[in-house]
Amino acid sequence: MTWDTSLLWQFDILILLMMVICAVTALALEGLLSSAIVTGAYSFLICLMWTHMRAVDVAFTEAAVGAAISTVLFLGTAQYVNRWIKKDRPREQGIKQITLVIAVICAVMMLNATRDLPEWADPASPASTHLSPRYIEQAYFETATPNVVTAVLADYRSYDTMFEAVVVFAAALVVMVVLRRTSHKHRMALHLRPKRAGRDTVLRGAAQSIIPVMQIFALYVLFHGHYSPGGGFQGGVIFGASFILLALCYNLKFSMNRFREHAVLWCCAGGVLLYAGIGAACLAMGWNFLGYGALAGVLGVSDVMARSHGILAVEIGVGITVMAVMVSLYNDLASGGDLEEGL
Amino acid sequence: MNLEPFFIVMVVAILFLMLCNLYRVVAGPTVIDRMLGVNVIGIKTTVLIVLIGIIDGRVEMFIDITLAYALLNFITTLAAARFYQRISHPAPSEPEESLVAPSAGPEVEEVDAPAKASDSSRKETP
């Protein structure tokens, strides 16, 4: 065990050091492409950090979102924006120095406050004494779900998860409302976008062989969330990433022929509707909103198994919404809103 | 035989190798250097997660994360390469005719027929 504790701080120090280097580099680089790439490295490192803290579900989410979605969305947006550094404006320099001073003061205050935080993995800390023991001891007997994180996420805290799904849905709506304008002026702003050349034979062959595997893996992650890390959100992100890969290897028109615009929108709303509908069905049968025990009579199983099935159903709803929202975000952001051509 | 010290030494060694990649990411004069550096960091992350799982004795909890990375890691690199291609090479006016790969056989063109149709419909884009 001495080995393990010695690993702990070496590992932590090295990864935190690399994360700071990545963050500073991403800010200091002028090209947006370079910045987005360095942000990708940051995402890998923070996933390692969470893996090391054994927060496996969080690490999985970071793996799916960081490796597949976030950098692609950054790059899609970076096509249409630019950044430059003004060096010869004394007034702005003064404001920047004031900002720096305020940031340093805030950092000192927050670092000072960290001394009051409990030690990492301290069994006497408030987080591990109040509610966690009940979840860890009772979750399996109450919901028949071995993965406590899934049980907490989709059963005990299912209100939170429902509104997370609503937030994801709202994000797609907002991006659509802001970007979907096909006025003449907007199209002129996009005229610098050159067409893609070449046939990409290798890429298309690779896409044909890897996309089915990716989609089956996404379904596995979604349905195996009761027993291993994963669940609706991660599975949905991986499923959506398969369509983004299709758009990257062929083009946006091709992927939108496979997964049409109105199907994307139906899936966006349908997932949230499925989640809320299950809650409303429980309410209609005289239980609490999202009290899955109400489904026992309909499904013909015990209360405990009904909660397990209810968790699966809402995870499917989350997965559908997240998958469609990821595709919709990519379509809108990478094409600048006109859905003509993506990244 | 207790292999745990071996795995821990390996973890630390891979971390130091990652630091070398990070140097290329930070200092790399061109964008291509940075893309390659981040891609290699991603591959090392995959290996490290498996190693942490082995040290924990619960590889099955970690193997899904590494599978996700292995499947998804190159999407970012691909998007960055597309972006780079776009900003560095303005496209010719007739992409279909001018840039057919010499090694591509005739049957490949039939496979690409739907994509070709969408290519031709793309021409209306200003």
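**View 1. Val301(A) is partly exposed, with a relative accessible area of 30%.** Partly exposed lies between buried, under 20% relative accessible area, and exposed, over 50% (1.4 Å probe, protein chains only). The model is predicted: local features need pLDDT of at least 70, side-chain atom pairs count only at pLDDT 80 or more, and totals for chains, interfaces and linings use all residues. Val301(A) sits in a loop of chain A, between helix H14 (295-299) and helix H15 (303-335). Helices (H or I, at least four residues) and strands (E, at least two) are DSSP runs, numbered from the N terminus.

**View 2. A nonpolar patch on the surface includes Val301(A).** Patch residues have over 30% relative accessible area and no salt bridge; like charges are joined within 9 Å, nonpolar side chains (Val, Leu, Ile, Met, Phe, Trp, Tyr) within 5 Å. A salt bridge is a side-chain nitrogen of Lys or Arg within 4 Å of a carboxyl oxygen of Asp or Glu.

**View 3. Leu265(A) belongs to helix H13 (residues 261-284) of chain A.** Leu265(A) is partly exposed, at 34% relative accessible area. Ser328(A) is 63 residues away in sequence. In space, the two C-alpha atoms are 7.9 Å apart.

**View 4. Chain A has 15 helices and zero strands.** Its C-alpha trace spans about 65 × 55 × 40 Å along the principal axes. Of its 343 residues, 47% are buried. Chain A exposes about 17,000 Å², and carbon and sulfur atoms supply 70% of that area. Take its contacts (heavy atoms within 4.5 Å). Among those with a separation of 6 or more, 69% are between residues 24 or more positions apart.

**View 5. Chain B has six helices and zero strands.** Along the sequence, the pattern reads α-α-α-α-α-α. Buried residues make up 45% of the 126 in chain B. The accessible surface comes to about 6,300 Å², with 67% belonging to carbon and sulfur atoms. Among contacts in chain B between residues at least 6 apart in sequence, 50% join residues at least 24 apart.

Residues are numbered from 1 along each chain as its sequence is written, chains are lettered from A and ligands numbered from 1 in the order in which they are written, and side-chain values use heavy atoms, with hydrogens and water left out.

How values were computed. Areas by Shrake-Rupley, 256 points an atom, 1.4 Å probe, with all protein chains shown as cover.
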